[in-house]
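Subject: Structure handover and salt bridge notes

Hi,

Here is the structure I promised to pass on. Please open it alongside this email.

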Amino acid sequence: MNIYFLANLTDLERFCKEEWANIATSRCAIFSINTQQRCGFRKAVKETKTKKGSVEETGSSHAEQSEGLIHKKGASLPAETQLAYTPPRNFGQLVKPLVFTVGFTGCSFGTAAIWQYESLKSRVQSYFDEVRANWLEKIRPQKQGDLRKQINQWWNSLSEGHRTVSGIIAANVVVFCCWRVPSLQRSMMKYFTSNPASKTLCLPMLLSTFSHYSFFHMAANMYVLWSFSSSIVSILGREQFLAVYLSAGVISTMFSYVCKTASGRLGPSLGASGAIMTVLAAVCTKMPEAKLAIIFLPMYAFSAGTALKAILAMDTAGLFLGWRYFDHAAHLGGALFGMWYIMYGHELIWKNREPLVKVWHDLRTKGPGRGGSGGSGPL
């Protein structure tokens, strides 16, 4: 009987070992299947990340359908995808844009100072050329309905401010048309939208100032620029205005880079709003009692100082509350730069241009053909 029990015990042990082996084999198989599923899920996420990176670099057809989507890029993606691909806050990558901002601003004002010097120098010669042209018009028979003459008369009837911003408006129209060319979409997204997450950081800081995807956005910005052009050019002059406008586009984009990197809400932006906010803020700061009105509501007039305060309050709220339809950081940076330049920048920068102009004058007069007409030689 004991032998039979031992035999049964041996069979029981053998049976238990076989069962445990089967269980262990099943668990290994289940673990292997689960591991493959998880690995497959991770591969799918990586493919999604690659596609999203491709969208950021080259631009997709869905992201380029409207400018509002460009400002709110990523809003339609799932929450898991947004969290998985939020880039780290790397302020080190902003060193190069900062150097570009300082260098470009200095070059803009230096070029404007030299341009003004050359304009003043050639004013006398231009005066004699104009007198000669008027004399030839009187002795030469005129054609009735000459289109060129009508265009010249219209151009001469414009104020200096309107003539100055006409080139800026034309450049914005050309870039707007380029957005409509399918073969240029990749280059437009790369160079004409500013994004701190992009590999190309410096050149878009300037080019995005002339870039609009929406016709309404471009029309609104150009209307404001046209409306304030006469006032700002009369305050600063043509050369100084262009230096301020171009510098404002780069500075407002730099301010946007910093705010986007600090908040982690990265995405492309475009438009001349930052530079135009500088023009608007400069005029309102210089003439706070001037009366302004909205184009659609001309019956409601308000002072320029009140308008500036309202704009600053709205953009500050949009920046801290995370409104993403407009680039409120660029608006705020442009407005602050315009206020600072009128109050302090004109004295610090433009009125200290004399040493540079003197160096340029010495280079012009010491060149070939030195003498009474030494400045006429090309340099």
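Below are the overall picture and then the salt bridges.

Please keep in mind that this is a predicted model.

**Overall picture**

The chain has 379 residues, and 36% of them count as buried. Its secondary structure comes to 14 helices and two strands. The chain exposes about 23,500 Å². Carbon and sulfur atoms supply 64% of that area. I also looked at contacts between residues at least 6 apart in sequence. Of these, 75% join residues at least 24 apart.

**Salt bridges**

Side chains of opposite charge can pair when their charged atoms come close. How many salt bridges does a search of the whole structure find? The count is five. Three of them are described here, one by one.

*Glutamate 118 and arginine 364.* These two side chains meet in a salt bridge, at 3.0 Å from N to O. Glutamate 118 sits in helix H4, which covers residues 95-139. Arginine 364 sits in helix H14, residues 354-365. The pair therefore ties together parts that are 246 residues apart in sequence. Arginine 364 is at 10%, so it counts as buried. The cut-off for buried is under 20%.

*Lysine 260 and aspartate 327.* This pair also forms a salt bridge, with the closest N and O atoms 3.8 Å apart. Lysine 260 belongs to helix H10, residues 238-263. Aspartate 327 lies in the loop between helix H12 (304-321) and helix H13 (328-348). Lysine 260 and aspartate 327 are both buried.

*Aspartate 362 and lysine 358.* Here the side chains meet in a salt bridge at 3.5 Å, N to O. Where do these two residues lie? Both are in helix H14. They are four residues apart, about one turn of the helix. Aspartate 362 has 25% relative accessibility and counts as partly exposed. Lysine 358 is exposed, with a relative accessible area of 52%.

**When you open the model**

Best wishes

Notes: Residues are numbered from 1 along each chain as its sequence is written. This is a predicted model: local features need pLDDT of at least 70, side-chain atom pairs count only at pLDDT 80 or more; totals for chains, interfaces and linings use all residues. Side-chain values use heavy atoms; hydrogens and water are left out. Buried means under 20% relative accessible area, exposed over 50%, partly exposed in between (1.4 Å probe, protein chains only). Contact means heavy atoms within 4.5 Å. Accessible areas come from the Shrake-Rupley method with a 1.4 Å probe; for residues, only the protein chains shown count as cover. A salt bridge is a side-chain nitrogen of Lys or Arg within 4 Å of a carboxyl oxygen of Asp or Glu.
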